[in-house]
Amino acid sequence: MISETNLPAELYPQYTTVQYTLSNPNVNPNILGNAAPAPSGSPVFLFVLDTCMIEEEFGFVKSALKRVIGLLPDNALVGFVSFGMQAQVHELGFSDMSKVYVFRGNKEISKDQIMEQLGLGVSGRRAPVGYRQKGMQNGFPILGVTRFLLPASEGEYTLNFLLDELQTDQWPVAPGNRASRCTGVALSVASGLLGACLPGTSARIIALVGGPCTEGPGTCFRRHPILISFESMNSVVNEFRGS
């Protein structure tokens with residue numbers, strides 16, 4: 001019970017940062033997709049990158065992201081999701097080729113649907129050819145986690161190569177209109193991915209966004225138009241004053 005002599009840690013001025021450890025007694029490590037919590041000292045970072053940017057900004061963001069990944073601890077788990085008109089989950093643990101799972105940006109997706117499409121549900125228990133299958137790595141089962149999350153020491157080269165090949169969103173945008181940006185779906189997919197791979201584990205979703213959501217769940221701006229004419233602005237002001 002909180003009292004004058006028994007205060008929570010966040011109320012002490014000398015504690016500038018407080019981290020909580022969540023326990024989940026319902027997690028069964030024998031079920032695919034229900035991986036054990038991350039070992040102590042192994043942070044988890046899932047980067048979500050907006051591709052609806054101009055080339056100059058996009059190049060700057062990619063170079064900054066490479067520097068950030070290079071500064072992460074070697075044991076930190078790293079994942080990557082990109083989005084524009086659609087959301088793409090990049091599979092880092094597939095060694096033979098670049099593999100991407102695509103989600104429609106104008107449709108709300110449940111956690112169960114995310115698990116099924118990513119192969120983390122019941123139907124995805126059998127390992128496809130090309131995966132490393134040698135028990136556990138960094139305390140995690142290979143299929144449940146390291147398909148999409150790799151230690152920074154192992155995934156840095158893969159991520160750098162992926163960022164070099166990544167382009168801005170190629171979905172056509174009419175002149176004067178906003179780009180189709182499905183931020184809501186991308187964040188929902190990222191959250192579902194972490195919930196499926198690391199249930200009960202604290203993780204960080206780092207979203208690098210270049211503008212408002214204009215497509216699907218979470219839309220706060222319509223795609224068109226960007227600018228309002230001077231006459232329209234005057235009419236809105238006049239109506240407002242008159243009311």
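Q: Two strands pair if DSSP finds at least two bridges between them. Which residue of S2 is the bridge partner of Val-48?
A: Helices (H or I, at least four residues) and strands (E, at least two) are DSSP runs, numbered from the N terminus. In S2, Val-48 has Val-81 as its bridge partner. This is a predicted model, in which local features need pLDDT of at least 70 and side-chain atom pairs count only at pLDDT 80 or more, while totals for chains, interfaces and linings use all residues. Residues are numbered from 1 along each chain as its sequence is written, and side-chain values use heavy atoms, with hydrogens and water left out.

Q: In which sense do S1 and S2 pair, parallel or antiparallel?
A: S1 and S2 are paired in the parallel sense, over seven bridges. Between them the chain passes through H1, giving a right-handed β-α-β crossover. Right-handed means that, with the strands pointing away from the viewer, the path from the first strand over the helix to the second runs clockwise.

Q: How many bridges join S2 to S3?
A: S2 and S3 run antiparallel and are joined by three bridges, with Phe-83 opposite Ala-87 in S3. The link from S2 to S3 is a hairpin of two residues. S2 also pairs with strand S7 (residues 150-151), in the antiparallel sense over two bridges, and there Val-78 stands opposite Leu-150.

Q: Is S2 buried or exposed?
A: Buried means under 20% relative accessible area, exposed over 50%, partly exposed in between (1.4 Å probe, protein chains only). Seven of the seven residues of S2 are buried, so the strand is largely enclosed by the rest of the structure. Leu-77, Gly-79, Val-81 and Phe-83 point one way, Val-78, Phe-80 and Ser-82 point the other way, and all are buried.

Q: Which residues touch the most other members of the largest nonpolar core?
A: In soluble globular proteins, nonpolar side chains tend to be buried together. A nonpolar core is a set of buried Ala, Val, Leu, Ile, Met, Phe, Trp, Tyr and Cys residues joined through side-chain atoms within 4.5 Å. Here the largest core has 28 residues, and those touching the most other members are Val-89, Phe-103, Leu-118, Leu-120, Leu-149 and Leu-193. Elements giving two or more residues to this core include strand S4 (99-104), helix H2 (111-117) and helix H4 (183-197). H4 supplies the largest share, eight residues. A second, separate core has 19 residues, among them Leu-49, Leu-65, Ala-76 and Ala-152.

Q: What covers the buried residues of H3?
A: The cover includes S1, H1, S2, S3 and S7. The buried residues of H3 are Ala-152, Gly-155, Leu-159, Asn-160, Leu-162 and Leu-163. Helix H3 (residues 152-165) has 14 residues and spans 19 Å from its first C-alpha to its last, close to the 20 Å expected at 1.5 Å a residue; the expected span is 1.5 Å times one less than the number of residues.

Q: Is Ile-54 buried or exposed?
A: Ile-54 is exposed, with a relative accessible area of 52%. Ile-54 sits in the loop between S1 and helix H1 (55-71). The C-alpha atoms of Ile-54 and Thr-168 are 7.5 Å apart, although 114 residues separate the two along the chain.

Q: Where is Thr-214?
A: Thr-214 is in the loop between strand S8 (204-208) and helix H5 (230-242). Thr-214 is buried, at 5% relative accessible area.

How values were computed:
Contact = heavy atoms within 4.5 Å.
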